[in-house]
Amino acid sequence: MNQNKFGVKIKAIEYHLPKTYEDNDMLSIDNPEWRMDDIFNKTGINRRWISDENETSVDLAYIAAKKIIDKFGVNKIDTLIYVTQSPEYFLPSSSCILQDRLSLSSNIKAFDINLGCSGYVYGLSMASAYIESGLSENVLLVCSDTYTKYISSDDRVNRPIFSDGASATLISKSESKSIGNFSFGTDGSGFDKLIVKDGAAKSNFKNSGMRPSLHMNGAEVFMFTMSTVPDNVEKVLTESLNTVNEIDYFFFHQASKIVLENLRRKLKLPKEKVYSCIEEIGNTVSSSIPIALKIASDSKLLKNHDRLLLSGFGVGLSWGSCILEWDDLL
Amino acid sequence: MNKIIKNELLNLIVKALELPDGSIDDNSSGDNIEAWDSLGHLSILVLLDKRVEGKASKISDLAIATSVKKISKILTDKGIM
(Lines give C-alpha, C1' and ligand atoms only; values in the text may rest on other atoms or scores of the structure.)
Protein backbone atom coordinates (compact mmCIF):
# COMPACT_ATOMS: atom_id res chain seq x y z
CA MET A 1 0.00 0.00 0.00
CA ASN A 2 1.12 3.59 -0.67
CA GLN A 3 2.11 5.68 2.31
CA ASN A 4 -0.02 8.81 2.56
CA LYS A 5 -0.58 11.61 5.01
CA PHE A 6 -3.97 10.29 6.08
CA GLY A 7 -5.22 6.72 6.10
CA VAL A 8 -8.64 5.77 4.75
CA LYS A 9 -10.97 2.93 5.65
CA ILE A 10 -14.50 1.73 5.01
CA LYS A 11 -16.28 2.08 8.31
CA ALA A 12 -19.81 0.98 7.43
CA ILE A 13 -21.88 -0.35 4.54
CA GLU A 14 -25.67 -0.58 4.41
CA TYR A 15 -28.11 -1.24 1.58
CA HIS A 16 -31.79 -1.19 0.77
CA LEU A 17 -33.85 -3.07 -1.80
CA PRO A 18 -37.44 -2.24 -2.77
CA LYS A 19 -40.11 -4.34 -1.08
CA THR A 20 -41.35 -5.82 -4.37
CA TYR A 21 -39.50 -8.53 -6.24
CA GLU A 22 -40.13 -10.76 -9.24
CA ASP A 23 -38.66 -14.22 -9.74
CA ASN A 24 -38.18 -16.23 -12.92
CA ASP A 25 -41.53 -17.99 -12.55
CA MET A 26 -43.21 -14.59 -12.64
CA LEU A 27 -41.25 -13.66 -15.78
CA SER A 28 -42.42 -16.88 -17.42
CA ILE A 29 -46.03 -15.98 -16.80
CA ASP A 30 -45.57 -12.60 -18.52
CA ASN A 31 -43.47 -14.06 -21.35
CA PRO A 32 -44.25 -17.77 -21.85
CA GLU A 33 -42.12 -17.89 -25.01
CA TRP A 34 -38.93 -17.13 -23.05
CA ARG A 35 -36.68 -20.15 -22.33
CA MET A 36 -36.23 -19.40 -18.64
CA ASP A 37 -33.89 -22.34 -17.95
CA ASP A 38 -31.53 -21.10 -20.62
CA ILE A 39 -31.82 -17.53 -19.36
CA PHE A 40 -31.09 -18.63 -15.77
CA ASN A 41 -28.10 -20.68 -16.91
CA LYS A 42 -26.59 -17.54 -18.43
CA THR A 43 -27.64 -14.89 -15.91
CA GLY A 44 -27.55 -16.93 -12.69
CA ILE A 45 -30.33 -14.59 -11.53
CA ASN A 46 -33.63 -15.80 -10.13
CA ARG A 47 -34.89 -12.73 -8.29
CA ARG A 48 -34.98 -9.03 -9.18
CA TRP A 49 -36.11 -6.15 -6.98
CA ILE A 50 -38.49 -3.64 -8.50
CA SER A 51 -39.15 -0.12 -7.23
CA ASP A 52 -42.76 1.03 -7.05
CA GLU A 53 -44.02 3.39 -9.74
CA ASN A 54 -43.53 6.47 -7.58
CA GLU A 55 -40.43 5.25 -5.76
CA THR A 56 -37.24 6.99 -6.95
CA SER A 57 -33.56 6.25 -6.56
CA VAL A 58 -33.40 8.99 -3.92
CA ASP A 59 -36.14 7.23 -1.93
CA LEU A 60 -34.07 4.03 -1.93
CA ALA A 61 -30.87 5.94 -1.20
CA TYR A 62 -32.47 7.72 1.74
CA ILE A 63 -33.34 4.44 3.47
CA ALA A 64 -29.87 2.95 2.88
CA ALA A 65 -28.13 6.13 4.06
CA LYS A 66 -30.42 6.52 7.07
CA LYS A 67 -29.20 3.16 8.39
CA ILE A 68 -25.68 4.60 8.53
CA ILE A 69 -26.84 7.93 9.95
CA ASP A 70 -28.69 6.09 12.73
CA LYS A 71 -25.43 4.41 13.78
CA PHE A 72 -23.00 7.23 13.11
CA GLY A 73 -24.99 10.46 13.42
CA VAL A 74 -25.20 13.29 10.91
CA ASN A 75 -22.79 15.79 12.39
CA LYS A 76 -19.47 14.24 11.38
CA ILE A 77 -20.36 13.61 7.74
CA ASP A 78 -18.65 16.30 5.68
CA THR A 79 -19.02 14.93 2.14
CA LEU A 80 -21.83 13.25 0.22
CA ILE A 81 -21.06 11.52 -3.07
CA TYR A 82 -24.06 10.16 -4.94
CA VAL A 83 -23.60 7.72 -7.83
CA THR A 84 -26.65 7.33 -10.06
CA GLN A 85 -27.89 7.11 -13.61
CA SER A 86 -31.55 7.37 -12.67
CA PRO A 87 -31.78 10.79 -10.99
CA GLU A 88 -35.04 12.39 -9.94
CA TYR A 89 -34.36 15.38 -12.21
CA PHE A 90 -31.94 16.47 -14.95
CA LEU A 91 -31.03 19.10 -12.42
CA PRO A 92 -30.40 19.71 -9.57
CA SER A 93 -28.09 16.92 -8.45
CA SER A 94 -29.72 14.12 -6.49
CA SER A 95 -27.00 14.59 -3.86
CA CYS A 96 -28.46 18.02 -3.00
CA ILE A 97 -31.94 16.53 -2.57
CA LEU A 98 -30.55 13.72 -0.42
CA GLN A 99 -28.51 16.15 1.72
CA ASP A 100 -31.72 17.92 2.65
CA ARG A 101 -33.76 14.76 3.22
CA LEU A 102 -31.07 13.32 5.51
CA SER A 103 -30.78 16.67 7.37
CA LEU A 104 -27.04 16.67 6.76
CA SER A 105 -25.18 19.86 7.58
CA SER A 106 -25.28 22.60 4.94
CA ASN A 107 -21.51 22.87 5.36
CA ILE A 108 -20.87 19.69 3.41
CA LYS A 109 -19.67 18.98 -0.09
CA ALA A 110 -22.30 17.11 -2.13
CA PHE A 111 -22.16 16.06 -5.75
CA ASP A 112 -23.31 13.37 -8.18
CA ILE A 113 -21.26 10.97 -10.27
CA ASN A 114 -23.02 9.85 -13.45
CA LEU A 115 -21.61 6.35 -13.79
CA GLY A 116 -23.11 2.87 -13.70
CA CYS A 117 -21.39 -0.36 -12.83
CA SER A 118 -17.92 1.19 -12.39
CA GLY A 119 -19.37 3.89 -10.14
CA TYR A 120 -18.60 2.34 -6.76
CA VAL A 121 -14.88 2.05 -7.44
CA TYR A 122 -14.86 5.61 -8.79
CA GLY A 123 -16.72 6.77 -5.68
CA LEU A 124 -14.23 5.03 -3.40
CA SER A 125 -11.37 6.72 -5.22
CA MET A 126 -12.98 10.16 -4.86
CA ALA A 127 -13.66 9.56 -1.17
CA SER A 128 -10.08 8.37 -0.63
CA ALA A 129 -8.66 11.36 -2.48
CA TYR A 130 -10.71 13.84 -0.45
CA ILE A 131 -9.66 12.22 2.82
CA GLU A 132 -6.02 11.77 1.89
CA SER A 133 -5.81 15.42 0.86
CA GLY A 134 -7.31 16.57 4.15
CA LEU A 135 -10.44 18.04 2.53
CA SER A 136 -12.73 15.49 4.20
CA GLU A 137 -12.79 13.18 7.17
CA ASN A 138 -16.06 11.25 6.75
CA VAL A 139 -17.49 10.66 3.30
CA LEU A 140 -20.91 9.13 2.70
CA LEU A 141 -20.81 7.36 -0.66
CA VAL A 142 -24.31 6.53 -1.86
CA CYS A 143 -25.03 4.44 -4.96
CA SER A 144 -28.63 4.11 -6.09
CA ASP A 145 -30.38 3.21 -9.30
CA THR A 146 -33.81 2.26 -10.57
CA TYR A 147 -32.87 0.82 -13.97
CA THR A 148 -36.09 -1.25 -14.06
CA LYS A 149 -37.98 1.96 -14.88
CA TYR A 150 -36.08 1.99 -18.20
CA ILE A 151 -37.06 -1.62 -19.02
CA SER A 152 -40.27 -2.80 -20.65
CA SER A 153 -41.98 -6.02 -19.58
CA ASP A 154 -41.13 -7.79 -22.86
CA ASP A 155 -37.43 -6.81 -22.91
CA ARG A 156 -35.73 -10.22 -22.87
CA VAL A 157 -32.20 -8.77 -22.79
CA ASN A 158 -32.52 -6.48 -19.78
CA ARG A 159 -35.51 -7.57 -17.73
CA PRO A 160 -33.99 -10.87 -16.51
CA ILE A 161 -30.88 -9.04 -15.27
CA PHE A 162 -31.42 -5.65 -13.66
CA SER A 163 -32.63 -4.94 -10.12
CA ASP A 164 -33.26 -1.68 -8.33
CA GLY A 165 -31.36 -0.96 -5.14
CA ALA A 166 -29.28 1.44 -3.11
CA SER A 167 -26.17 1.22 -0.97
CA ALA A 168 -24.50 3.61 1.42
CA THR A 169 -20.84 3.37 2.42
CA LEU A 170 -19.15 5.43 5.10
CA ILE A 171 -15.48 6.06 4.32
CA SER A 172 -13.47 7.69 7.08
CA LYS A 173 -10.03 8.94 7.99
CA SER A 174 -8.05 6.31 9.86
CA GLU A 175 -4.62 5.49 11.24
CA SER A 176 -3.72 3.21 8.37
CA LYS A 177 -4.56 3.13 4.69
CA SER A 178 -6.77 0.26 3.65
CA ILE A 179 -8.10 1.42 0.26
CA GLY A 180 -5.97 1.49 -2.91
CA ASN A 181 -4.26 1.16 -5.34
CA PHE A 182 -6.75 2.06 -8.04
CA SER A 183 -6.72 1.51 -11.78
CA PHE A 184 -9.29 2.95 -14.20
CA GLY A 185 -10.17 2.99 -17.88
CA THR A 186 -12.65 4.50 -20.31
CA ASP A 187 -13.62 3.75 -23.91
CA GLY A 188 -16.30 6.17 -25.05
CA SER A 189 -16.34 4.63 -28.54
CA GLY A 190 -18.67 2.08 -26.96
CA PHE A 191 -21.06 4.68 -25.54
CA ASP A 192 -24.00 3.23 -27.48
CA LYS A 193 -23.54 -0.38 -26.37
CA LEU A 194 -25.46 0.32 -23.17
CA ILE A 195 -27.55 3.45 -23.42
CA VAL A 196 -30.80 5.25 -22.63
CA LYS A 197 -31.17 7.41 -25.74
CA ASP A 198 -34.41 9.29 -25.37
CA GLY A 199 -35.46 12.34 -23.44
CA ALA A 200 -32.21 14.31 -23.21
CA ALA A 201 -30.45 16.87 -25.44
CA LYS A 202 -29.55 14.53 -28.30
CA SER A 203 -33.25 13.90 -28.89
CA ASN A 204 -34.04 17.59 -28.38
CA PHE A 205 -35.57 16.69 -25.00
CA LYS A 206 -38.39 14.85 -26.78
CA ASN A 207 -39.46 11.29 -26.47
CA SER A 208 -42.04 9.18 -28.18
CA GLY A 209 -44.47 9.44 -25.30
CA MET A 210 -43.06 6.19 -23.93
CA ARG A 211 -40.67 5.97 -21.02
CA PRO A 212 -37.00 6.30 -22.01
CA SER A 213 -35.74 2.76 -22.48
CA LEU A 214 -32.47 0.96 -21.85
CA HIS A 215 -30.75 -0.59 -24.87
CA MET A 216 -27.93 -3.07 -24.33
CA ASN A 217 -26.02 -5.09 -26.87
CA GLY A 218 -25.22 -7.98 -24.55
CA ALA A 219 -22.64 -9.64 -26.79
CA GLU A 220 -20.69 -6.43 -27.32
CA VAL A 221 -20.71 -5.55 -23.62
CA PHE A 222 -19.63 -9.11 -22.84
CA MET A 223 -16.73 -8.92 -25.31
CA PHE A 224 -15.69 -5.53 -23.91
CA THR A 225 -15.68 -7.00 -20.41
CA MET A 226 -13.66 -10.06 -21.38
CA SER A 227 -11.10 -8.04 -23.31
CA THR A 228 -10.69 -5.23 -20.79
CA VAL A 229 -11.34 -6.27 -17.21
CA PRO A 230 -8.75 -9.06 -16.88
CA ASP A 231 -6.00 -6.67 -18.04
CA ASN A 232 -7.23 -4.01 -15.61
CA VAL A 233 -7.27 -6.50 -12.75
CA GLU A 234 -3.74 -7.63 -13.57
CA LYS A 235 -2.63 -3.99 -13.76
CA VAL A 236 -3.94 -3.13 -10.30
CA LEU A 237 -2.41 -6.33 -8.91
CA THR A 238 0.97 -5.45 -10.39
CA GLU A 239 0.89 -1.81 -9.32
CA SER A 240 -0.06 -2.75 -5.77
CA LEU A 241 2.65 -5.44 -5.66
CA ASN A 242 0.04 -8.15 -5.11
CA THR A 243 -0.48 -11.49 -6.78
CA VAL A 244 -3.68 -13.49 -7.23
CA ASN A 245 -2.56 -15.71 -4.34
CA GLU A 246 -2.37 -12.71 -2.00
CA ILE A 247 -5.97 -11.69 -2.68
CA ASP A 248 -8.46 -13.44 -0.41
CA TYR A 249 -11.59 -12.58 -2.40
CA PHE A 250 -12.48 -10.96 -5.70
CA PHE A 251 -15.63 -8.81 -5.70
CA PHE A 252 -16.53 -8.18 -9.31
CA HIS A 253 -19.54 -6.14 -10.36
CA GLN A 254 -22.40 -8.65 -10.20
CA ALA A 255 -23.24 -8.42 -13.91
CA SER A 256 -24.36 -11.98 -14.61
CA LYS A 257 -23.22 -15.54 -14.02
CA ILE A 258 -21.71 -15.87 -17.50
CA VAL A 259 -19.61 -12.74 -16.93
CA LEU A 260 -18.41 -13.83 -13.48
CA GLU A 261 -17.57 -17.35 -14.65
CA ASN A 262 -15.63 -16.16 -17.65
CA LEU A 263 -13.70 -13.52 -15.73
CA ARG A 264 -12.73 -16.30 -13.36
CA ARG A 265 -11.69 -18.49 -16.30
CA LYS A 266 -9.62 -15.80 -17.97
CA LEU A 267 -7.89 -14.76 -14.76
CA LYS A 268 -7.46 -18.42 -13.65
CA LEU A 269 -9.03 -17.68 -10.26
CA PRO A 270 -10.16 -20.37 -7.82
CA LYS A 271 -13.95 -20.57 -7.68
CA GLU A 272 -14.05 -20.02 -3.93
CA LYS A 273 -12.28 -16.66 -4.28
CA VAL A 274 -14.88 -15.10 -6.58
CA TYR A 275 -17.85 -13.89 -4.56
CA SER A 276 -21.35 -13.96 -5.99
CA CYS A 277 -24.74 -13.10 -4.52
CA ILE A 278 -26.40 -12.53 -7.85
CA GLU A 279 -29.09 -15.22 -7.72
CA GLU A 280 -31.30 -13.50 -5.14
CA ILE A 281 -30.21 -9.88 -5.68
CA GLY A 282 -29.81 -9.41 -9.45
CA ASN A 283 -27.64 -6.75 -11.08
CA THR A 284 -28.03 -3.57 -9.03
CA VAL A 285 -25.59 -1.54 -11.18
CA SER A 286 -23.30 0.63 -8.99
CA SER A 287 -24.62 -0.93 -5.77
CA SER A 288 -23.74 -4.49 -6.71
CA ILE A 289 -20.25 -4.45 -5.19
CA PRO A 290 -21.15 -2.78 -1.85
CA ILE A 291 -24.21 -5.02 -1.47
CA ALA A 292 -22.01 -8.06 -2.08
CA LEU A 293 -19.47 -6.79 0.47
CA LYS A 294 -22.19 -6.26 3.08
CA ILE A 295 -23.73 -9.69 2.54
CA ALA A 296 -20.30 -11.35 2.70
CA SER A 297 -19.50 -9.42 5.87
CA ASP A 298 -22.80 -10.26 7.55
CA SER A 299 -22.30 -13.93 6.73
CA LYS A 300 -18.87 -13.78 8.47
CA LEU A 301 -17.07 -14.72 5.28
CA LEU A 302 -14.85 -11.64 5.51
CA LYS A 303 -12.31 -11.33 8.28
CA ASN A 304 -10.20 -8.42 9.47
CA HIS A 305 -7.22 -7.81 7.18
CA ASP A 306 -8.59 -9.93 4.35
CA ARG A 307 -7.24 -8.47 1.14
CA LEU A 308 -9.93 -7.91 -1.48
CA LEU A 309 -9.92 -6.85 -5.11
CA LEU A 310 -12.96 -4.89 -6.29
CA SER A 311 -13.68 -4.40 -10.00
CA GLY A 312 -16.59 -2.56 -11.62
CA PHE A 313 -17.22 -2.30 -15.36
CA GLY A 314 -19.97 -1.48 -17.83
CA VAL A 315 -21.86 1.50 -19.26
CA GLY A 316 -19.61 4.21 -20.69
CA LEU A 317 -17.78 2.07 -21.46
CA SER A 318 -16.05 2.51 -18.13
CA TRP A 319 -14.12 0.32 -15.72
CA GLY A 320 -12.14 0.50 -12.51
CA SER A 321 -10.50 -1.82 -10.00
CA CYS A 322 -8.96 -1.36 -6.58
CA ILE A 323 -7.39 -3.22 -3.69
CA LEU A 324 -9.11 -3.08 -0.31
CA GLU A 325 -7.89 -4.35 3.04
CA TRP A 326 -10.99 -5.37 4.93
CA ASP A 327 -11.72 -4.11 8.42
CA ASP A 328 -14.77 -5.07 10.46
CA LEU A 329 -17.73 -2.74 9.85
CA LEU A 330 -19.54 -0.65 12.43
CA MET B 1 -2.63 -23.24 -30.56
CA ASN B 2 -3.81 -25.19 -33.59
CA LYS B 3 -5.86 -23.26 -36.12
CA ILE B 4 -9.57 -24.01 -35.96
CA ILE B 5 -10.95 -25.78 -39.05
CA LYS B 6 -14.39 -25.26 -40.58
CA ASN B 7 -15.96 -28.50 -39.35
CA GLU B 8 -14.68 -27.82 -35.87
CA LEU B 9 -16.33 -24.39 -35.93
CA LEU B 10 -19.62 -25.90 -37.09
CA ASN B 11 -19.49 -28.51 -34.31
CA LEU B 12 -18.61 -25.84 -31.78
CA ILE B 13 -21.70 -23.83 -32.76
CA VAL B 14 -23.84 -26.98 -32.58
CA LYS B 15 -22.56 -27.63 -29.08
CA ALA B 16 -23.00 -24.02 -27.96
CA LEU B 17 -26.58 -23.91 -29.17
CA GLU B 18 -27.35 -27.43 -27.92
CA LEU B 19 -28.57 -28.57 -31.34
CA PRO B 20 -28.57 -32.03 -32.93
CA ASP B 21 -25.38 -32.97 -34.82
CA GLY B 22 -25.32 -31.63 -38.35
CA SER B 23 -27.78 -28.82 -37.64
CA ILE B 24 -25.34 -26.06 -38.63
CA ASP B 25 -23.83 -25.49 -42.07
CA ASP B 26 -22.16 -22.68 -43.98
CA ASN B 27 -25.44 -20.85 -44.45
CA SER B 28 -26.54 -20.94 -40.82
CA SER B 29 -27.06 -17.68 -38.98
CA GLY B 30 -29.10 -15.96 -36.34
CA ASP B 31 -31.71 -15.33 -39.01
CA ASN B 32 -32.46 -18.99 -39.71
CA ILE B 33 -31.52 -20.82 -36.48
CA GLU B 34 -33.97 -20.09 -33.66
CA ALA B 35 -31.52 -21.01 -30.90
CA TRP B 36 -28.97 -18.53 -32.29
CA ASP B 37 -30.40 -15.58 -30.39
CA SER B 38 -28.50 -13.16 -28.18
CA LEU B 39 -28.03 -15.75 -25.42
CA GLY B 40 -27.04 -18.40 -27.95
CA HIS B 41 -24.47 -16.06 -29.44
CA LEU B 42 -22.93 -15.54 -26.00
CA SER B 43 -22.53 -19.33 -25.69
CA ILE B 44 -20.79 -19.43 -29.08
CA LEU B 45 -18.41 -16.63 -28.05
CA VAL B 46 -17.51 -18.38 -24.78
CA LEU B 47 -16.79 -21.75 -26.43
CA LEU B 48 -14.85 -20.08 -29.22
CA ASP B 49 -12.77 -18.08 -26.74
CA LYS B 50 -11.95 -21.25 -24.81
CA ARG B 51 -10.99 -23.09 -28.02
CA VAL B 52 -8.64 -20.36 -29.23
CA GLU B 53 -7.12 -19.79 -25.79
CA GLY B 54 -8.55 -16.35 -25.11
CA LYS B 55 -7.84 -14.83 -28.52
CA ALA B 56 -11.52 -14.51 -29.48
CA SER B 57 -12.39 -12.10 -26.67
CA LYS B 58 -9.88 -9.63 -28.12
CA ILE B 59 -11.79 -9.54 -31.42
CA SER B 60 -14.71 -7.20 -30.81
CA ASP B 61 -16.20 -7.77 -34.29
CA LEU B 62 -17.16 -11.31 -33.24
CA ALA B 63 -19.83 -9.79 -30.98
CA ILE B 64 -21.90 -8.84 -34.03
CA ALA B 65 -20.89 -11.75 -36.28
CA THR B 66 -24.06 -13.80 -36.06
CA SER B 67 -23.53 -16.15 -38.99
CA VAL B 68 -21.12 -18.93 -39.85
CA LYS B 69 -19.84 -16.95 -42.83
CA LYS B 70 -19.11 -13.81 -40.80
CA ILE B 71 -17.38 -15.72 -38.00
CA SER B 72 -15.34 -17.71 -40.52
CA LYS B 73 -14.20 -14.57 -42.33
CA ILE B 74 -13.14 -12.84 -39.10
CA LEU B 75 -11.24 -15.88 -37.84
CA THR B 76 -9.58 -16.36 -41.23
CA ASP B 77 -8.56 -12.69 -41.41
CA LYS B 78 -7.06 -12.98 -37.94
CA GLY B 79 -5.14 -16.14 -38.88
CA ILE B 80 -7.01 -18.23 -36.34
CA MET B 81 -8.84 -20.34 -38.95
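Trainee: Let me start with a detail. Which residue in E13(A) is the bridge partner of A:Phe184?
Mentor: The bridge partner of A:Phe184 is A:Gly320 in E13(A). Keep in mind as we go that this is a predicted model.

Trainee: Noted! And what is the partner of A:Gly185 in E13(A)?
Mentor: A:Gly185 has A:Trp319 in E13(A) as its bridge partner. E8(A) and strand E13, residues 318-325 of chain A, run antiparallel and are joined by six bridges.

Trainee: What order do the strands of that sheet come in?
Mentor: The order is E8-E13-E12-E11 in chain A. These four strands make an open sheet with mixed pairing.

Trainee: Which strands stand at the edges?
Mentor: Those are strand E8 (179-186) and strand E11 (249-252) of chain A. Each has a single partner strand, so one side of each is left without a neighbour in the sheet. On average, neighbouring strands here are turned by 15 degrees against each other, direction ignored.

Trainee: Back to E13(A). Is it buried, or is it exposed, and why do you say so?
Mentor: Seven of its eight residues are buried, so E13(A) is largely enclosed by the rest of the structure.

Trainee: How many bridges does E13(A) have with E12 of chain A?
Mentor: Eight bridges, with strand E12 (residues 307-314) and E13(A) pairing in the antiparallel sense. As an example to look up, A:Leu310 stands opposite A:Cys322 in E13(A).

Trainee: What about the hairpin of E12(A) and E13(A): how many residues are between the strands?
Mentor: Three residues. In that hairpin A:Gly316 takes a positive phi near 145 degrees. The peptide bond from A:Gly316 to A:Leu317 is cis, with omega near 0 degrees, and A:Leu317 is placed in the loop between E12 and E13 of chain A.

Trainee: OK, then which value does phi take at A:Val285?
Mentor: Phi of A:Val285 is near 60 degrees, a positive value in a residue other than glycine. You'll find A:Val285 in the loop between helix H8 (278-281) and H9 of chain A. A:Val285 is buried, with 32 other C-beta atoms within 10 Å.

Trainee: And B:Glu18, is that buried or exposed?
Mentor: B:Glu18 is exposed, with 11 other C-beta atoms within 10 Å. B:Glu18 also has a positive phi, about 55 degrees, although it is not a glycine. Its place is in the loop between helix H1 (6-16) and helix H2 (38-51) of chain B.

Trainee: Changing topic: how is chain A divided?
Mentor: Into domain 1 (7-176) and domain 2 (181-325). The centres of domain 1 and domain 2 of chain A, taken over C-alpha atoms, are separated by 14 Å.

Trainee: How many residues are in contact between domain 1 and domain 2 of chain A?
Mentor: 39 residues of domain 1 are in contact with 40 residues of domain 2. On the domain 1 side, H5(A) supplies the largest share, six residues. That side has 19 nonpolar, 14 polar and six charged residues.

Trainee: And how many residues of chain A are in contact with chain B?
Mentor: 14 residues of chain A are in contact with 14 residues of chain B. On the chain A side, H6(A) gives the most, with seven residues. By class, the chain A side has seven nonpolar, three polar and four charged residues.

Trainee: Last one: how many residues are in the largest nonpolar core?
Mentor: It has 114 residues, and those with the most contacts inside it include A:Phe251 and B:Leu45. H6(A) provides the largest share of this core, 10 residues. Leaving aside neighbours within four places in sequence, A:Phe251 is in contact with residues including A:Tyr275, A:Ile289 and A:Leu310. In helix H9 (residues 288-298) of chain A, A:Ile289 is among the buried residues.

Terms used: Residues are numbered from 1 along each chain as its sequence is written. Chains are lettered from A and ligands numbered from 1 in the order in which they are written. This is a predicted model: local features need pLDDT of at least 70, side-chain atom pairs count only at pLDDT 80 or more; totals for chains, interfaces and linings use all residues. Two strands pair if DSSP finds at least two bridges between them. Helices (H or I, at least four residues) and strands (E, at least two) are DSSP runs, numbered from the N terminus. Axes are lines fitted to C-alpha atoms, for helices over the stretch in contact, and angles run from 0 to 180 degrees between N-to-C directions. Domain bounds come from an automatic or database domain assignment. Two residues are in contact if their C-beta atoms, placed from the backbone, lie within 7 Å. Ala, Val, Leu, Ile, Met, Phe, Trp, Tyr, Cys and Pro count as nonpolar, Asp, Glu, Lys and Arg as charged, and the others, Gly among them, as polar. A residue is buried if 20 or more other C-beta atoms lie within 10 Å of its own, exposed if 12 or fewer, and partly exposed in between; C-beta atoms are placed from the backbone. A nonpolar core is a set of buried Ala, Val, Leu, Ile, Met, Phe, Trp, Tyr and Cys residues joined through C-beta atoms within 7 Å.
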